[in-house]
Amino acid sequence: MGEFFTIRSKGDQFSLQFHKRSLYILISLMLVTFIVFLISLSAGSSYIPLGAVFQELIGESEHAFVLNELRMPRVVMGFLVGAGLGVSGLILQGMIRNPLGSPDIVGVTGGASVGAVLFIVFLLGEMSVNWLPLASIMGAAVTTAIIYLLSWKNGVTPMRLILIGIGISALTNAIVTMFMVSSESAIASKVYLWLTGSLYGANWQEVTILLPIILTLIFISIFFTGVVDVKQLGDDVATGMGVRVQLFRFLLLALSVALAGAAVSFAGGIAFVGLIAPHIARLILHNSFANLVVGSALIGSLIVMGADIIARTAFLPSDIPAGVFTAGIGAPFFIYLLYRNRKVMSE
Amino acid sequence: MSKFIINRHFKWTILLGIIVIFLTAGFLSIAIGKTSIPLSTVWDAFIHYDPSSTNQVIIRTSRITRTLIAMTVGASLSIAGALMQALTRNPLASPDIFGVNAGALFFIVAAATFFSVESLSGYMWIGFVGAGVAGTIVYLLGSMGEDGLSPIRIVLAGAAISALFISFTQGMLVLDEQRMQSVLFWLSGSVAGRELDILLPVLPFLLGAIVLSFFIGKPLNILMSGDDVAKNLGQNTGLLKLVIGITIVFLAGGSVAVAGSIGFIGLVVPHIVKGITGPNYQWIIPISGLCGATLLLGADIAARLIIAPQEMPIGVMTALFGTPFFIYIARKGVKKSG
């Protein structure tokens, strides 16, 4: 029993079990995330020494404007987006039991884009930007429902789901282009900026909208721990142990969709994060869902923050969308997965 | 399959019907647009050209070019799709799903950004190379399983390769905003606003490949009865596959060089045609070309009308009608024909 330690509530109604080695890894991941966070603040078009960054975090410094108004919201946004996509991908991969599941491949992100673009084109003048995440979550939800229904043919097979997701992604792209072309050019350029999947121009208003949504959703995901760990034994066992499989499957899917939708709402589709983060998490952490949720969130945010550091600094003075670099790592990784799972894929 | 074995007479009737629709679409494509031009003027522009008539000048300078490009690209993409579906025995194979469009696009933009290639013929050759590279990668990735080419694996690999190339292309365009203006029209996938100069250097390759594909039909029929059967009948299957591969690269790469990335035509048309002609590639290939040209003309006319006076990119139109088709095939099951 030395491998685990457990937190219990009074009367054992609720308990969380932690794998000790994983706990150390998670703590190290948090440290690394913090370090990358600091580096993100210091790197950019003007270099600010780490000492000055510290000073700013404690009190005042001469770089207050750059740090507080420009870099901090952008870095926090990167953290939130990465965390959201990472957990969303983790749940999705577990749900459809396929290592290739990822919100951007299955078409969830595409649906979120349609929701967000419709909002920007038709409602942004009349409604506050606070509602943008809701619009994009709804877009993601509707699209996921459509994909799920279309994949249904005596049940849903993962491969059919992914295949139809790819098809629907093409359709959502076309719809987005359609609205972009047919709206006024000022709105069109706003949409285009949003679409490129960049953290450029993130501000505190957006961060304060997104922060509670993402953290709440991730927190809820951790509470599904018990259910998911039992479910990994298979539907029959789970039913036998009293888990209402269909209900929880639906709730988990809803969580995954909401996370992806929220993450996309301000930063646009940052590709492949939802694919890679859960794989790395499973590689280095003990296979319990609570560990994996926290791990995927941290790794996802590390990937996005890291990609954004490169995007901001590698080609100065240009600011390249972070999505370019996540795709640069993600697509080869996807192909590697395709290669490694070649027997599964032929089914 | 017996219902497809219809008599030659009936086939010729259908062929005649398609040609009539094709010609009508061609005339409409010249007549319809921002300024609608009466069909009689269209006729006159060909027969008695009068340079003082604005309408006739519009026809001669812009509409004809546009119509020619839509025809050529539609035919090329459809034939490329038919050949790819045969070669990979995958009903979902088509240039855009194979990542061929994205590959050609990426190579063209990279050449323009990093190596300052600016000539049209330069773009064209680089487009061919890009199409070949992307297509080969996806083909190899799709065939690495134990059971040979798996349809689903090809689609997934194609999606990944496309995502990679497209995001790199976007990155390069952000890097170099001035270049972006000159390269942007390849991105959007459109047949509008192109000069005849863009089509002319590519046209011989496209037409050559189309003509070559007509001769591929007969040996392809033999190949489709199985590699072993074909070999026993004395066919050099390796050489045939190589020729088909090169034809596909010229057709798809050339189309991207002229019109950018236009999806789903190569997927949809061969399926419809196979439904009419049955599994005979001597018929499938030329009729695919004709139907593809007609369909892209139709899509282009719709793109001009749907939000007039603005224009919809033609790639949007093809995606709108192509996706339901893709889903239909995906639901029907891609395994069986493997």
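**Start with confidence**

Select chain B and colour by pLDDT. Its mean pLDDT is 81, and 88% of its residues reach 70 or more. This is a predicted model, and its scores are ipTM 0.77 and pTM 0.82.

Now pick out two helices of chain B. Helix α12, residues 281-305, has the highest confidence, at a mean of 91. Helix α7 of chain B, residues 177-188, has the lowest, at a mean of 60. Then go to residues 1-5 of chain B. There the pLDDT is below 50. Beyond near neighbours in sequence, this stretch has five contacts in the model. Where pLDDT is low, the predicted coordinates should not be read in detail.

**Chain B as a whole**

Switch to a cartoon view of chain B. How many helices and strands are there in chain B? The count is 13 helices and zero strands. Read from the N terminus, the elements run α-α-α-α-α-α-α-α-α-α-α-α-α.

Chain B has 338 residues, and 51% of them count as buried. Look next at contacts between residues at least 6 apart in the sequence of chain B. Of these, 76% join residues at least 24 apart.

**Stop one: α8 and α10 of chain B**

Select residues 196-224 of chain B for helix α8, and residues 237-259 of chain B for helix α10. Their axes come within 9 Å and cross at roughly 150 degrees. Angles over 145 degrees count as roughly antiparallel, so α8(B) and α10(B) are roughly antiparallel to each other. The crossing of α8(B) past α10(B) is left-handed.

Show the side chains in this contact. On α8(B), they include Ile198(B), Val202(B), Phe205(B), Ala209(B), Leu212(B) and Ile216(B). Pro219(B) and Leu223(B) of α8(B) also take part. On α10(B), look for residues including Leu240(B), Val243(B), Ile244(B), Phe250(B) and Leu251(B). Gly254(B), Ala257(B) and Val258(B) are also among the α10(B) residues.

Colour the contact by residue class. It divides into 17 nonpolar, four polar and no charged residues.

**Stop two: α3 against α8 of chain B**

Which residues make the contact of α3(B) with α8(B)? From α3(B), select Thr65(B), Leu68(B), Ile69(B), Thr72(B), Ala75(B), Ser76(B), Ile79(B), Leu83(B) and Ala86(B). From α8(B), select Leu196(B), Leu199(B), Leu203(B), Leu206(B), Ile210(B), Ser213(B), Leu220(B) and Met224(B). By class, this contact has 13 nonpolar, four polar and no charged residues.

**Stop three: Ile108(B)**

Move to helix α4 of chain B, residues 100-114, and select Ile108(B). Is Ile108(B) buried or exposed? A residue with 20 or more other C-beta atoms within 10 Å counts as buried. Ile108(B) has 27, so it is buried.

Ile108(B) and Val129(B) are 21 residues apart in sequence. Their C-alpha atoms are 9.3 Å apart in space.

**Across to chain A**

Bring up chain A. Its secondary structure comes to 16 helices and two strands. Of its 347 residues, 48% are buried. Among its contacts between residues at least 6 apart in sequence, 74% join residues at least 24 apart.

Go to helix α3 of chain A, residues 64-95, and select Val66(A). With 18 other C-beta atoms within 10 Å, Val66(A) is partly exposed. Leaving out residues up to four places away in sequence, Val66(A) touches Ser46(A), Ile48(A) and Arg71(A). From Val66(A), Phe325(A) is 259 residues away in sequence and 24 Å away in space, C-alpha to C-alpha.

**Last stop: where the chains meet**

Show both chains together. The contact takes 38 residues from chain A and 35 residues from chain B. On the chain A side, select α7 (158-182), α15 (322-340) and α16 (342-345), which each supply at least two residues. Which element gives the most to this side? That is α7(A), with 15 residues. By class, the side of chain A that touches chain B has 25 nonpolar, nine polar and four charged residues.

Technical notes:
Residues numbered from 1 in each chain as written. Chains lettered and ligands numbered in written order. Predicted model: local features only at pLDDT ≥ 70, side-chain atom pairs only at ≥ 80, totals over all residues. pLDDT = per-residue confidence, 0-100. Helix = DSSP H or I, 4+ residues; strand = E, 2+ residues; numbered from the N terminus. Contact = placed C-beta atoms within 7 Å. Nonpolar A, V, L, I, M, F, W, Y, C, P; charged D, E, K, R; others polar. Buried ≥ 20, exposed ≤ 12 C-beta atoms within 10 Å, placed from the backbone. Axes fitted to C-alpha atoms, helices over the stretch in contact; angles between N-to-C directions. Parallel < 35°, antiparallel > 145°, perpendicular 65-115°, else oblique. Left-handed = near helix turned anticlockwise from the far one by under 90°.
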